[in-house]
Amino acid sequence: MKEAPSEPASASADSETVPPPEPKPGLFSLLDSLISDSQNLVSTEFNLAAAEIRGNIRKLLVSMAIILAGGIICGIAGIALLGAVIAALAPALGPVWASLVTALVAIVSGGGLIVAGARRLNNATLAPERAIANLKAHARVLKRSGGKEVPDERQSG
């Protein structure tokens, strides 16, 4: 006695067929996609701005640490060198002039370190400049009308 197969051969071929293509999205679907993509873009730009601000804060902290190190070194130098230099110069200049010359040299050295740190601090900015430029570029693209090309300021600068 022959048994009939439990499934016809064509049934297994039907289970592997490609589903029919999805219909083309409608206007509302496209608008929804545009809004979603715009929200993702803005979110990404804010994340970029936050990362840029964190990097700028790191630069600011490094500059402040340099200034602090300069101040500490000035203090140590003032204490250590003043005594030794004053003792060395006192026989030739007298104790008062030896003290004044030594203090002046220590102040100039420490002041140089403070100025170097302050210059680095002046060059540091907390504003997320790249993220702002990107947002401006995206805004120009969104405002573009009539198919006119909008120049990119980032490439011209």
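This is a predicted model: local features need pLDDT of at least 70, side-chain atom pairs count only at pLDDT 80 or more; totals for chains, interfaces and linings use all residues.
## Helix H4

Let's start with helix H4, which runs over residues 129–143 and has 15 residues. From its first C-alpha to its last, H4 reaches 21 Å, close to the 21 Å expected at 1.5 Å a residue.

Which residues of H4 are buried? They are Ala131, Asn134, Ala137 and Arg140.

## The largest pocket

Next comes the largest pocket, which holds about 150 Å³ of space. Its lining is made up of Leu34, Asp37, Ser38, Leu41, Val42, Leu135, His138, Ala139 and Leu142. Two elements, helix H2 (27–93) and H4, each give two or more residues to this lining. The largest share, five residues, comes from H2.

What does the lining look like by class? Six of its residues are nonpolar, two are polar and one is charged.

## Glu45 on helix H2

Helix H2 also carries Glu45. Is Glu45 buried or exposed? Glu45 counts as buried because its relative accessible area is 7%, and the cut-off for buried is under 20%.

Leaving aside neighbours within four places in sequence, Glu45 is in contact with Ala131, Asn134, Leu135 and His138.

Terms used
Residues are numbered from 1 along each chain as its sequence is written. Side-chain values use heavy atoms; hydrogens and water are left out. Helices (H or I, at least four residues) and strands (E, at least two) are DSSP runs, numbered from the N terminus. The expected span of a helix is 1.5 Å times one less than its number of residues. Buried means under 20% relative accessible area, exposed over 50%, partly exposed in between (1.4 Å probe, protein chains only). On a 1 Å grid over the protein atoms alone, a cavity is a set of points where a 1.4 Å probe fits but cannot get out, and a pocket is an open set with protein on both sides within 12 Å along at least five of seven lines; lining residues have an atom within 4 Å of a point. Grid points are joined across faces, edges and corners, and a volume is the space filled by probe spheres set on the points. Ala, Val, Leu, Ile, Met, Phe, Trp, Tyr, Cys and Pro count as nonpolar, Asp, Glu, Lys and Arg as charged, and the others, Gly among them, as polar. Contact means heavy atoms within 4.5 Å.
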